[in-house]
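Look over the sequence and the structure first, then read on.

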There are 2 protein chains.
Amino acid sequence: MSEAAIELARRSRGLAEADFTEELRIPSVGTLSRHREDCRQNAQWLLERFQRMGMDASLHEYGSGHPTVQAEWLAAPGRPLLTIYGHYDVQPPDPLQEWISGPFEPAIRDGSIYARGACDNKGQHLSSLKAAEYAFATGGPALNLRFLVEGEEEGGGEVLPHLLKTEAERLRSDFVFIHDGTLLQLLTGLRGNLYTEIEVTGAAIDLHSGAFGGLAPNPFNTLALILAGLKDRTGRVLIPGFYDAVKDPSPEELASWSTLPINEEMLLQLTGAPALEGEPGYSLLERNFTRPTLDVHGVMGGFTDEGSKTVIPARAAAKVSMRLVPDQDPFVILEALRRQAETLATPGTRVVVKQVGEVAWPILLDSQHVGIGAASRAFEAAFGQAPFLVRAGYSIPVVSDFAANLPDSKIFVSGFSGEDDGAHSPNERMVLDNFHRGTEMVLHLFDELAEA
Amino acid sequence: MSEAAIELARRSRGLAEADFTEELRIPSVGTLSRHREDCRQNAQWLLERFQRMGMDASLHEYGSGHPTVQAEWLAAPGRPLLTIYGHYDVQPPDPLQEWISGPFEPAIRDGSIYARGACDNKGQHLSSLKAAEYAFATGGPALNLRFLVEGEEEGGGEVLPHLLKTEAERLRSDFVFIHDGTLLQLLTGLRGNLYTEIEVTGAAIDLHSGAFGGLAPNPFNTLALILAGLKDRTGRVLIPGFYDAVKDPSPEELASWSTLPINEEMLLQLTGAPALEGEPGYSLLERNFTRPTLDVHGVMGGFTDEGSKTVIPARAAAKVSMRLVPDQDPFVILEALRRQAETLATPGTRVVVKQVGEVAWPILLDSQHVGIGAASRAFEAAFGQAPFLVRAGYSIPVVSDFAANLPDSKIFVSGFSGEDDGAHSPNERMVLDNFHRGTEMVLHLFDELAEA
């Protein structure tokens, strides 16, 4: 059946681009309250498209969050059920002056469409939606199908996690395609993230460094001692017990990564750094995919304006996050960090370590299941190339939410967005050919999974 | 003669307070350009008062700075010449909401006058001006007299240093009274100050800590290693050569300080810190007066708003100052700091150390000269108590300017402002009895120095 659908997809490229442009025009910035109605409008826009193709579609709401769009078609008894995840919320478009065309005025240049959300994630979930549309128009997909398109991915939302948690039984799926990834990459694991603030207090009031220098504790100097005592010059984290639960990757994973076209020279060029830094004894990809690390993101307190002010502040604090890997437990690590920070504090100071936001758990996905093989063949059919099996250094919390609540599902994470498509940046784009081939890939995937 | 003048001073307390209130009403905030005309008005106000008492007064200007008021009376041939230094500019009054009465609406409560500048420095130079006024009204002072009242002390100005430098010969004085100090303290030395910014750069662009954590240099982590490598947990500075030129205080100084009513308990209460911190092996006052130290004042870069952002910034920088003591050379120390910071930088980063503002040189004053004895006796006559000979942990750059340009002058630094008068803070005040007794102290000083 996919042949007729693929034929239709090829004939409909112009119409698909018109729909793409329409969704991109909706400024669905999820984290800005003034775009609240735009988010609802985007949910409604998707709802109507799913209903139009005959799917049973509804909006799910919880608390004050943006609605999750659910669309189901369960009319293929005996066939597997595939759930496709996407998100319609986008990042704020700032800095505006760096956009060549307006972030919500989609423009096509050199075969790419430029707009906020083009690759993250409208171009991605829309290519899946189009695949479903063509499948229904040519006899219906060969398997049962569900879409879950949320509106809170960029802000860390509650609606979809709540839905997954409270309706886990109803949402059971054979396969879950987290359609928020990178072209020709199938993710088999993600690092977790524990974000903290380390606050050091000294005197009760700000002091003059002339009158009190050499007498009073300086929270900044102590904070520097603490931060320097968390990670050494080579990049090895110094928190006692930090590496205890860390697992080595499998020989198959290591072998697969060795074929990836990523090397030091490329990363030096990409970052513009004089040299790379990281834990010794591991390859670049091991350091990013399978080794935990610790980074300082900002330091608050004292005087930071132009010029000089000789203040010994009462308080200094640092934002510090740790990328964690299986099987590190974020809450065990948080306690170990607390102990280490307290050990490093000086006599005139007090240190408090606070967790910021939600923990993202590290996750390792089954990289051998039939869905992976099916997705590989579908990629090869549509793009002429098999995808790489890789882990990610970053975190996608929703992957853990699906894994925790739908433990029987075979999950895979991928997408059609290029590394250089500028997700979260000005002039975000999607290569239109990738968008259209992506639709064909999803049509192939329907067939492959139906037989799996 | 001082008896008649003192008699007049005692009869004129009400008029003196009216004049005090008048000067305090002028919002001469030197560092805010919108108060430029107020500063000029304050200079003019002083000029007229000096002229009215028969002194040869003029305004000196240089560049775009606020004028320095000069007033001279050199009609006592064969007698010494005393130069009195003060400043009419004041700190900005923020935070306004913490003032009980307006910062430029002087109010008397419980024997103190409250306004910005009350103790720093209007109440101080005005008590000297009043002394001169009473001396002229009762036959003239027993010595030659010069006032230099500048308008740029709080901002680090150019007018007075330029005047001292270019007219050093004309400004030669036997004694210089830096009237900007603390009641019952005679300063015999001041620490210097070298203020720097240490900037660390890594990648050319901000990076995502998920995508690049474990691969890319993080300037914050490296900055923490550098700062932790500048001063250890005990408070000892780790810059090689830092202590090489440091001199021990004299046994006389040490003996004098042992009688000062300053102890650990008092400082703990004053600061509210859980414990004091500083270089081991030295008393509290040695640590503050005679030992150099290093403090971090603020750290710039990255993300410091509420919540979490996982950025590895391209740049991080810290404001770091060093209080220096005789005979440390600030420029030798700056080079030593540069070398140490470069040594501590990690391979993926570059470090640049920049000097911020002007250097304040450490200075040791002769504590045995006849002016010190004269001032001691004058204090005792007016306040019933001899002053303490102390050094200061802070810096007053103008002291070095006088010492460098008028090397034959006997300098002393003191004043009538209490430690708890709130200089630079809301509800700054001056105890009116100290103001009036201060005028009497200066009248005694005229007589004492005339005979010295």
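How much area do chain B and chain A bury between them, and what share of it is on carbon and sulfur atoms? The buried area is about 5700 Å². Of this, 57% is on carbon and sulfur atoms. Keep in mind that this is a predicted model.

**The interface**

- Contact involves 77 residues of chain B and 77 residues of chain A.
- Within chain B, the most area is lost to chain A by B:Leu215, B:Arg233 and B:Glu277. Together these residues account for 13% of what that side buries.

**How the two copies are related**

- Chain B is superposed on chain A by a rotation of 180°, with 0.0 Å of shift along the axis.
- Which C-alpha of chain B is nearest the axis? That of B:Ala224 is, at 2.3 Å from the axis.
- Both copies use the same surface: of the contact residues of chain B, 100% recur in chain A.

**An open sheet in chain B**

- Four strands of chain B form an open sheet. Their order is β11-β13-β9-β14, and the pairing is antiparallel.
- Why is one side of β11 and of β14 in chain B left without a neighbour in the sheet? β11 (293-300) and β14 (350-355) stand at the edges, and each has a single partner strand, so one side of each has no neighbour there.
- On average, neighbouring strands of this sheet are turned by 25° against each other, direction ignored.
- Strand β9 (residues 192-201) and strand β13 (residues 315-324) of chain B run antiparallel and are joined by ten bridges.
- To place one residue in β13(B): B:Ala317 is the bridge partner of B:Glu199.

**Helices**

- Helix α11 (residues 330-344) of chain B lies across β9, β13 and β14 of chain B. Against β14(B), helix α11 of chain B runs at about 165°.
- In chain A, helix α4 spans residues 118-137. Of its 20 residues, 18 are buried, so helix α4 of chain A is largely enclosed by the rest of the structure.
- Just after α4(A) comes A:Gly139, which takes a positive phi of about 110°.

Conventions
Residues are numbered from 1 along each chain as its sequence is written. Chains are lettered from A and ligands numbered from 1 in the order in which they are written. This is a predicted model: local features need pLDDT of at least 70, side-chain atom pairs count only at pLDDT 80 or more; totals for chains, interfaces and linings use all residues. Side-chain values use heavy atoms; hydrogens and water are left out. Two strands pair if DSSP finds at least two bridges between them. Helices (H or I, at least four residues) and strands (E, at least two) are DSSP runs, numbered from the N terminus. Axes are lines fitted to C-alpha atoms, for helices over the stretch in contact, and angles run from 0 to 180 degrees between N-to-C directions. Contact means heavy atoms within 4.5 Å. Buried means under 20% relative accessible area, exposed over 50%, partly exposed in between (1.4 Å probe, protein chains only). Copies are superposed by least squares on the C-alpha atoms of residues with pLDDT of at least 70 in both. Buried area is the accessible area (1.4 Å probe) that two parts lose on being put together, summed over both.
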